[in-house]
Every structure is written in structure tokens, then in C-alpha cells.
Amino acid sequence: MAANLLTIEGLRAGVAGKEILKGLNLTINEGEVHVLLGPNGSGKSTLMNLIMGHPKYTRLAGKMSFAGEDLTALPTFERARRGIFLSFQTPEEIPGITVENMLRTAKQAITGQKVKILAFKKQLAAAMAKLSMDESYAERYMNVGFSGGEKKRNEILQLLLLEPKLALLDETDSGLDVDAVQIVSRGVSAFHNETNACLIITHNARILSELKVDCVHVLMDGQIIEEGGAELIDEINRHGFAHLLDGAAK
Amino acid sequence: MAKKKTFIEDIERTLYDIKNEDRPVYKTKQGLTEEIIRDISAKKHDPDWMLAFRLHSLDVYNHTPLPVWGPDLSELDMDRIVTYVKPDAKMAGRWEDVPEDIKDTFDRLGIPEAEKTSLAGVGAQYDSEVVYHSIQESLTRQGVIYTDMETALVEHEDLVREYFMKLVPPKDHKFVALHGAVWSGGSFVYVPAGVQVKIPLQSYFRLNSPGAGQFEHTLIIVEKGASLHFIEGCSAPKYNVTNLHAGCVELYVKEGARLRYSTIENWSRNMMNLNTKRALVEKDGLIEWVSGSFGSHVSMLYPCSILHGENARCEFTGVTFAGHGQHLDTGATVVHAAPHTSANINTRTISKDGGIAVYRSAVKVAPGADHAKCSVNCESLMLDDRSRSDTLPVMDIQGDEADIGHEARIGRISDEAVYYLTTRGISEDEARAMIVRGFVEPIAKALPLEYAVEMNNLINIELEGAMG
Amino acid sequence: MAAEVVKEEVYSTIPMRTWRWLGVNEARVASSILAAAQERRIRVPAGEKHTVVLVYRDELAAHVQAELAAGAELQLIKVQLAEDGVRRADTIEVQCSEGAKLSYTAVEAGAGVSTTKLLVALNGDKSEADVAALYFGDRKRRIDMNYIIRQAGRDTRANMQIHGALAGESDKIFRGTLDFIRGAKGSTGREKEEVVLLSPKVRNRSVPLMLSGEDDVDGHHAVSVGRMDENKLYYLMSRGLNLSEAERLVVEAALAPVLVRIPDAQLAAEVREHIEGRLSHV
């Protein structure tokens, strides 16, 4: 039986007085790939940001635990150090801090060990090569002047170097051309193994081409209304979300 | 020297306006007397013309009121300055008297023992003899002159006389006049035509004249086609019992020459830092200012670049960090006085914990300075709501075909940026520090590595107060 | 023959002084003009929307004070089209309560000497000020403007857009201050001045001030002075206009965003003709 990574029970949460998640249950174990589908505004990004501990979201009820540890009291950076990683939909620009500098600092923070600069540079170069990123990106300021695609690749680069246990990917494939999607997809696939897990938000599922999907959750209006296997994705692509609601109503 | 007279007149017309001020002239109980000045001059073995110059400056000083704008200077104890500048004043204090936080910072910055006592003005002057002398040899071979001002006055009198306080005359303002009367110490650099000085010269080596540098005069002449990088100051806090620093820096950049003038100023928290720096740039010349202002209680610092020859250029990069109890009023001025001149001013200010950071600038395009191009960019970061950040830029444009742009931003550290870094395992405090370091990156980049490292250390130390 | 000495007094000052030699610390006006100032009070009650159009042509000083109650909206238009020899001094002060909105549009296209001051106090939370002004100087006109928006309430919004063109030997000073008072959390302030210079003999002074005692604000100001967009000129010339005609059109286009805010079509047309007429003599 694979070890449990993430357990969410009865989660209700919102932002600025508005309730977005209205009672959500989710379990993710090691080695699994979960997909989160749903129309815009259903609360997918909110869920990911809640797992990550974004200060602006408030948990109203329910529990979240990671590897048996209650997440509630942990600030974001502690959650990252426990092994949770979030790939953002629109990554922030941090002027003045190079990609290399930021990644090295993060690696050090997460592992709690001093990172040897030369060894790290080699690791970085290898990962960048895997993602077909030109080595000049290492010295560029974090996401400053990066195109959408370049920002997303930068997120996956961080995924590969920081080696988290749970990767939350928020629409990492949106806005990318065919080649870029393939690169990102391969990157995620290279990351994934039987000791870690992925929760992926996607609209067109292209990122899933190299992954074996274990469970698909459909989120609507703050609640998971349907769960199933990979075939759910095709069904929604063909008939849309409304179809599911009709089904649920029946 | 007909040509020099002309440019001084030009400058006078644009810069000086010594009409009757509203405020009364500040009088000290024991005013700086002629006797004191003569005494100083005699002890220094000044040539006659320098004595005359000092006396003239004293006269201007006594008739000039304090500026009517800017930080409050009423704390300035002019009496102590009087007693201080007397040549028989005892400079050496005791290490025990040096404030704890100064000693602390020395330790944090890893300053060696001998330097500590020198910087604190209580020990023998630190003389990095070996390094200093080896640099001297390679410079001499190239014909470069690098000495202290007193020596220059003796060994290169004509050269000094031609340039000394012509670019910044005593009537500029009260503290320049004071400087003209009591100046002591500082660096003199002369780079002959065509010589590229490869290693940066550091004023740090020159801490070997009495007066501990608070009225020091720096005079640098870079002849046609030559180039030099000069670094003034260091990140260690310079402690001084007397709390006034009224220095003066004059930079002459001749045709096609290039001068980079880097400074990290970190005067101790009791200091009033009233420094006047000016560069005169001739045809095709370039002046680059790199300036980091961290310490002092009050600072008034506006390096001025006069683009006097066609195609003359100025690049200014600066950062000012005003923390608790500090009022740092800094900026830059550029005067476009010839056609096709261009300037780029890029500054960052940070204020926290009740500090006041003021950015003040002036871009003046004189009539006839056609096709002037100038871009000013100022970003201000506020770390809390107890501090102040004020931006006061002025553009005065008269030339034809001018292309002038200015932009300024004010705000705080982005919550989203902090969150992003925390999702990568970096603690909130460290995330903020990273963002602030990123904010001052453009300045760090322009400094030699060890200075950039020191500057970052300084920032870390400064930030600890706010975050902790 | 001694020159006539006109007794002047300080009319307005910028919130923070700077080097005297720049001559922007204060604006002075002939005392004789201020002697007979026209006073006007505008009060907009809670929740109401008013529009007030002021047209100035005479040699006078005007002092307008407006108070906007909670949720009130005021659209205030000021057009100054006085003759060359006229001197004008106008002050407009607006106090905004919670949720109040001010839309202010000014045209400074006339008079030999025009000195104006605008002070908007966004006292109440969520109050807003949207300020747009146009100035046009030619011959020997002197234009002096001192605009200040003080943001004291939380979540206030300020926007200042200034468009101008200077020709002949005109002399203009524009001071625009965004002042964030401590406590104005969540407020945004924007200021932009764009000036086109049409002659080598003009004097343009711009002073965009930004003062802040509050960290939780978002302030941005920009000034751009100088040439016209060469791409635009080229495009127009490729359609048959000569350089002067193209330049004139580009200037009109630059001033258009302000003109479009004048609700009275006839007045707007008068302003447009006035400026076009002057432009053709530039």
C-alpha cells in the first residue's frame, strides 16, 4: 500500500468573506497522478493555494494533512520544506535576483544543507538542457521579461531541482505552443516516480500525454461532483461540464 | 585661462543665485576666525595662494546663510567644529568611547583589527603599505599621479592651482565655503592622456592624513582619451566625534576620457554628511557615478554632472537606504551645456523604521544644448508605514530637439513576490531580504565584487532591525 | 525710462522646496489681480451628480471651493480662453468625502500670464480624482500650474494626465504632486505629463512630485518631454501632408484626450478652433 501524502477532509475555505470551497475531500498517495478539472471559477487554483498556504485564503472548516502532519499551523515556507511544490499559472517576476541565485537559495532552504556552488551549477545546467533551456537563462533575473512559455519552463526547472514530494501544477500547459508543451510534459514525467505525486490542473490535458493518470476529480462551484479515471477527461472534452451536472442531477 | 572663465560664468548663470535669503546668517558663539585659518595654513605649509584662498573662503562662509530647503541642520554643532579644526586639537580618542553598534558592525563586516581603530579615528592610521606601494610602482610607470592632496600641493603645485575649487567654488553654498577654509586631506589623481588605468584606485589606502577625512578634498583629472575607476569610501562605518563631513569632490573628464567614480558612504549614525561632488565632462567624455548611501544621521548629497562638451555623457546609478533616525536627502543633477549630450539617472531608495529618504534631482538643458537626451528613473521602496519616501525631480528644458523622460515609482515589497519565494522554502524574512537585495542589484552590479559583497552585507545588517 | 515694477505676492508653493536656481518653488501673481478675486462655492450633496462648467476670459482671479459629500460626483470643467494681454490667477480646491468622485478637466489655452492652482483632498475612503489638463503656449505666454492631490483616505484613486504643447517663446512650469498621507492604505496614484516642444526658444519646467508616508500604496508618475512620435509624422506625410501640417495634426491628436472630456459640444469646438488657429501661426 503506497504511503499517504495528502489528505483533505471536509475543506471549506474562501477569500475576503466569500466562500469558494464548500466541503472538499481529497486523498493523494505516493506514486499517483491526480487531475483536477473544472470550469473557471470553480476553485481549482484556490485549492492549490490553500494546500500551499497562501495567506489571503482562509480555511473555514475541515482538515489538511501532509505525510501525517497537520498543515494548518505551518506557514508556506515550512510546507515547501516538507516537500510541497506549486507551479504557478502566472509566476511572479523578481527583479535583481537571478534564476541560479534563487534556485540555489531555495535548494539550501529546503534541504537545510549548504549547497556547493559548482556542483549546483552542473545540476542546473543538466536540468536546463533537459528542458531545452538556453544556459543564459541561469543569469537572467527571475521571470523578468520572460514570455509565458519561458515562465512555465522556469517553473518546471524548479520542480526538477527542488525534488518535492507533492507537485501541484496549476495550468502549466496553458498558453504554450505544441513544442513547449511536449518539453514541459517530458519534464514532469521525468520528475514523477513511485515516491512522489502530482496534482495537475489542466484544460486540454496535453501535459498528461506522458503520464499515467490515477484519478480525475471534477470540481464545480467549490465541490467535487465527479471522480473517475482518465476517460473522464475525454468525456468532458467532448460534452463539456454541463453534461456532468445533468448526469449528477439524474 | 579664458576658456575656464567662460564655463564658470555659464555655470554661474545657471546654478548660482546668491540674492538675499530670508533666513538670517548663522553665527557661532566662537566663530571660525582668521587666526584659526592662518594657523591651519601655517601648520600645513600652504603656499601663499592657498592661504589667500582659505581666507577668502572663510569670508564667504561667514556671509552665507544655511540652505532654506532640505533636512533640518540645526543639530549641527558649529562650535565643536571650530574647536576641532584647530590644528592642536587632539584627534585620537579612546577605543572605549567608540559606540557599541559601530564596533558591532566592524565585526559583522569582518574588518581587520588595525583597520577598525583607524576607521574609528582612535588609532594609528591604517596604511596598507605593501599593497599601496606595489600599486604605486605600476602607476608611476604609466605616468599616473596618485597622492594625497597635501603632497600634491607641494609636488604638483601648478596643476593643483589650475583646478582646485574651480569647479566647486566656495560661493556654491555654506559648507563648500567651510570646506574651502578648513579642507584637509583627500586624494589627488592625474591620469595622462591615453592612459587606461586598469585597476580601480581606492581612496581607502589614503587614510593617512590627520583630520580623519571629514573635510577631505578629492581632485581627479583624467586627460584626453584616458580612463580610470576610482572608489571612494568603504562600507565600514566611519566614526568621528565631530559630526560634520563637508567633503568636496571635483572630477575633470577631458575629451574622450572616461571616469567611473564609485562610492559607498556609510558614515556613523551621528554624522551630518554634506558632501559636494561635481564632474565636468568635455567632448565625447563619460562620467559614471555609482553611489551607495547608507549611514549618517543626515545626508545632503547630489553629485552634479556638467556635460560641457559635445556628446558628453553621464551615467548615474545610486541607492539610498534610510533607516531609523536617518534623514537622507540625495539625488543627482545634470546640466546639459552642449549639443548631443546624454544622461541616464537610475536610483533606488529604501526607507524603513522611521527613516526619511528624499530623492531630489535637477535636469537642466541650457539654451543651445540641442538634441539633449536624458532619462531619469527613480524607484522607492518603503518597508513600513512609519517611514517617508519623497521624490522631487525637476526638469528645466530650453534647448532645441530635447528628448527628456522621467519615471518614478513608489511602493512596498510585493506580497505576491514574497509568497512566491516562500513556496520555494525560503522563509518570509529571507524572502524580503532577497527582494530588497534584488532591488539594489543594479548598483551592486556596477561595483567591484568585494564592494558588492560588502554592500549586500550592509543591507542584511540594516534589514535586521526592521524584520526582527 | 524705468520699467514698471509690478507688485507681486506669493500665490502658491510646492509642498517641498528645492534649489532656488530652478525657480519652481513658488508662483507669484500681481497683487492687483488678486485684489478682486471671484469666489464660488460648489456643494454636491450625498449621492448626487453635478456638472459645472467654468469659462474664463477676463483678467480676474477666481477662487473655487467645492465640497463633495459621501458618494457625490462632480464633473468640473474649466476652460480658460482669455486674450493675449490678460493675466489670470485661478485656484480650485476640492474636498472629497467617502466614495466621492471628482472628474476635473482644464484647458489653459489663453492669457498672457496664467497662474493656476488645483488642490484635491481625497479625505474619504474610496474617493477618486480623475484630473486631465491641456495647456498650449505660444508667443510669449507664461503658464504656471500647481496641481496637488492629497490622498488621505484608504483605497483612494488619483489620476493626473497632463498634455501640453509649447511654441514661440512661451515659458511653462507644471508642478504635479501626488501626496500619500500615512494611513491611505491601498491607494493608487498615477501622474503623467506629456509635452511637445514646437520651438527652440521655449522654456519647459516640469516638477512631478511624489510624497509618501504610507508603504501600502502604489504610486507611479512619468514625464515625457520632446519630440513627436516620428512614426506618426511619417505616416501622415506618406498621406500627403507636409511636415508642418503633419506636426499640427500630431499636436491636435495629443491634446484630444482632454478635449473629448468637455461635455458642451459648442465649447469644445471653440477650444479646438482656438488652438488650431494658434497652431497655424506657429
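The model is predicted. Chain B has 14 helices and 19 strands. It is divided into two parts: domain 1 covers residues 26-412, and domain 2 covers residues 413-468.

**Chain B as a whole**

- Chain B has 468 residues, and 53% of them count as buried.
- Take the contacts in chain B between residues at least 6 apart in sequence: 84% of these join residues at least 24 apart.

**Where the two domains of chain B touch**

- On the domain 1 side, 27 residues are in contact with domain 2 of chain B. Domain 2 brings 19 residues to this contact.
- Five elements of chain B each give two or more residues to the domain 1 side: α5 (100-108), β8 (258-265), β10 (286-293), β13 (313-322) and β15 (342-351).
- Strand β13(B) gives the largest share of that side, with four residues.
- By class, the domain 1 side has eleven nonpolar, ten polar and six charged residues.

**Where chain B touches chain C**

- Chain B puts 36 residues into the contact, and chain C also puts in 36 residues.
- On the chain B side, at least two residues each come from α1 (2-15), β16 (356-365), β18 (388-397) and β19 (403-411).
- Which strand gives the largest share of the chain B side? That is β18(B), with ten residues.
- The chain B side holds 16 nonpolar residues. Another 13 are charged, and seven are polar.

**Strand pairing across the two chains**

- Strand β19(B) is joined to strand β16 of chain C, residues 217-226, by eight bridges.
- These two strands run antiparallel.
- B:Arg409 stands opposite C:His220, a residue of β16(C).

**One residue of chain A: A:Asn193**

- Where does A:Asn193 lie? A:Asn193 is in the loop between α6 (178-191) and β10 (197-201) of chain A.
- Is A:Asn193 buried or exposed? A:Asn193 is exposed, because 10 other C-beta atoms lie within 10 Å, and a residue counts as exposed at 12 or fewer.
- A:Asn193 and A:Val33 are 160 residues apart along the chain. Their C-alpha atoms are separated by 9.8 Å.

Terms used. Residues numbered from 1 in each chain as written. Chains lettered and ligands numbered in written order. Predicted model: local features only at pLDDT ≥ 70, side-chain atom pairs only at ≥ 80, totals over all residues. Buried ≥ 20, exposed ≤ 12 C-beta atoms within 10 Å, placed from the backbone. Domains from an automatic or database assignment. Contact = placed C-beta atoms within 7 Å. Nonpolar A, V, L, I, M, F, W, Y, C, P; charged D, E, K, R; others polar. Pairing = 2+ DSSP bridges.
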